[in-house]
Amino acid sequence: MNIIHISAECYPIAKVGGLADVVGSLPKYQSELGENSIVIMPFYDNAFTKNNTFETHYASVLNLGRDYHFKVLSLKDNTLGYDLFFIDIPELLFKDYVYSEDDTERFLAFQIAALNWVLQLKKENTVVHCHDHHTGLIPFMMSHCYTYEALKATPSILTIHNAQYQGWFSHDKVHLIPKFDLSNIGLLDWDNVINPLAAAIKCSWRVTTVSPSYMEELKEKANGLERLLQHESAKCVGILNGIDTDVWNAETDGFIIKNYSQKTILSGKKANKAWLCKEFNLDSKRPLFAFIGRLVGEKGAGLFPEIFDKALSADKISLLLLGSGHESIQDSLQALKPKHKGVYNTFIGYDEKLSHIIYAGADFLLMPSRVEPCGLNQMYSLRYGTIPVVSSVGGLKDTVIDIKNDGFGIRHDQVKIEDVAEAIKRATNLYSDDSRFKKIRKQIMSIDHSWNASAKAYIDLYNSLT
Ligand code: ADP
Ligand code: GLC
């Protein structure tokens with residue numbers, strides 16, 4: 001089967017969050033299962049495109065109010081485990097960012113160019129797998145735009161990684177979409193605007209979300225799309241994300257300070273923690289709590305300054321945060337530093353290497369998310385023997401079992417200051433129970449969150465459609 005993933009992000013080429021990790025690893029596992037799984041993504045101006053070589057596969061022109069020349073490039077000397085193709089539209093996509101204010105035109109052009117190329121591939125037994133709203137108009141275009149008539153019988157699948165963002169744009173821009181029978185315009189609309197995510201939910205053959213619990217939650221809370229998801233529920237299913245266990249492997253990870261296995265976890269984690277504590281001036285005798293991620297409301301970040309202040313005042317812990325997002329949150333987090341000198345620090349920004357060292361060196365990973373469609377951080381932390389302290393939402397609920405229930409993590413029901421503080425206290429108590437703490441962190445390293453099961457679940461889903 002030919003599986004065509006179309007996405008704005010793909011690790012290691014361009015990553016903003018977990019979408020990149022998923023699109024960068026699922027195709028590899030699908031290829032290992034014998035399928036021809038490929039990725040199409042934009043050609044950005046970044047370190048990866050500067051440092052690699054590419055060859056041209058196809059060149060053409062697309063219309064988006066005016067003509068734009070575009071090329072389809074492929075990565076030469078590719079060792080990723082799947083074929084990777086880029087849509088190169090120099091004027092629109094070759095930028096040093098992934099998302100910005102001009103996304104409507106940029107991603108519309110990307111989708112049109114990608115489909116123009118798919119159209120001329122003329123491959124049998126193909127499925128088109130779209131990820132999030134940036135590729136949400138593709139299922140509509142495949143089934144309703146005259147140009148893509150030949151793709152009508154090709155199944156399209158949408159995976160919702162995050163329903164908060166829907167790609168809304170005004171009806172004034174509808175003429176940018178290739179021609180279609182205007183009686184179908186309702187398929188593009190939700191609440192009087194063009195809504196690419198809603199259009200994809202309506203037009204794709206199947207809709208998946210990245211965990212079973214998130215699928216259920218969306219029917220109640222989906223930033224305005226609840227009714228639509230309830231209505232389309234027969235074609236919706238939650239499939240839990242996996243992780244790339246080759247990239248996320250403490251035994252071979254080239255980013256971390258000292259590699260380790262389950263057998264050498266004691267010395268391995270100790271060395272990574274020691275490096276972090278030295279680098280960030282933290283007390284290494286205390287349990288080290290960490291947060292890695294986007295500083296936005298969904299991650300509970302609005303409460304961090306208060307939660308951290310409370311926990312650092314009440315408990316003997318060290319705390320390190322790696323992330324960026326809302327400036328006011330960043331400022332409040334920085335402002336806490338003098339008060340908790342020697343036990344608290346932050347790195348405001350994005351740093352892939354540091355994130356790996358933190359997964360390896362921390363004792364506990366905090367994820368008090370309000371919304372977490374899947375969450376990959378908790379799975380990375382488990383694999384590196386770092387105990388997750390998480391809220392009971394979405395994918396966190398599906399991957400972390402509380403120690404109260406014979407599990408291996410700590411969960412809190414509400415994202416409230418008191419509840420998170422209580423969870424941190426429970427984690428500190430666990431840390432004091434040295435033998436239990438060490439037993440759990442060793443045990444969690446062998447929990448299997450690789451893609452093996454979920455890559456197969458996606459293939460079964462495609463097979464049910466072709
Ligand atoms: P989301 O996609 O909602 O941001 P996920 O848990 O699915 O959340 O994935 C986040 C991914 O981004 C993980 O690979 C995490 O390690 C990484 N990440 C997030 N923030 C940073 C950062 N500031 N520096 C390095 N990596 C980060
Ligand atoms: C989104 C979600 C996150 C999920 C990721 C990959 O960014 O916020 O929970 O893990 O996509 O599917």
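Student: Hi! Which helix gives the largest share of the shell around ligand 2?

Tutor: Helix α1 (residues 18-32) does, with 3 residues. Helices here are DSSP runs of H or I with at least four residues, numbered from the N terminus. This is a predicted model, where local features need pLDDT of at least 70, side-chain atom pairs count only at pLDDT 80 or more, and totals for chains, interfaces and linings use all residues. Residues are numbered from 1 along each chain as its sequence is written, chains are lettered from A and ligands numbered from 1 in the order in which they are written, and side-chain values use heavy atoms, with hydrogens and water left out.

Student: Okay! How many residues surround ligand 2, and which are the closest?

Tutor: There are 13 residues around ligand 2, and the closest are H161, N241, E372, C374 and G375. A residue belongs there if one of its heavy atoms lies within 4 Å of the ligand.

Student: What kinds of residues make up that shell?

Tutor: The shell divides into 6 nonpolar, 5 polar and 2 charged residues. Ala, Val, Leu, Ile, Met, Phe, Trp, Tyr, Cys and Pro count as nonpolar, Asp, Glu, Lys and Arg as charged, and the others, Gly among them, as polar.

Student: Which atoms of N241 and G375 come up against the ligand's oxygen atoms?

Tutor: For N241, a polar side-chain atom lies 2.8 Å from an oxygen atom of ligand 2. For G375, a polar backbone atom is 2.8 Å from an oxygen atom of the ligand. The protein covers 92% of the 310 Å² of accessible area that ligand 2 has on its own, by the Shrake-Rupley method with a 1.4 Å probe.

Student: And where does ligand 2 lie relative to domain 1 and domain 2?

Tutor: Ligand 2 lies between them, because domain 1 (2-242 + 451-465) and domain 2 (265-444) both give residues to its shell. Those bounds come from an automatic or database domain assignment.

Student: New topic: how many aromatic pairs are there?

Tutor: The structure holds 20. Rings of Phe, Tyr and Trp (its six-membered ring) pair if their centres lie within 6.5 Å; planes under 30 degrees apart count as stacked, over 60 as edge-to-face and the rest as tilted. Y99 and F107 form a tilted pair, 6.0 Å centre to centre with 45° between the planes.

Student: Is F107 buried or exposed?

Tutor: F107 is buried, with a relative accessible area of 3%, whereas Y99 is partly exposed at 28%. Buried means under 20% relative accessible area, exposed over 50%, and partly exposed in between (1.4 Å probe, protein chains only).

Key:
Polar contact = N/O pair within 3.5 Å; in protein donor to acceptor, adjacent residues only side chain to side chain. Helix = DSSP H or I, 4+ residues; strand = E, 2+ residues; numbered from the N terminus.
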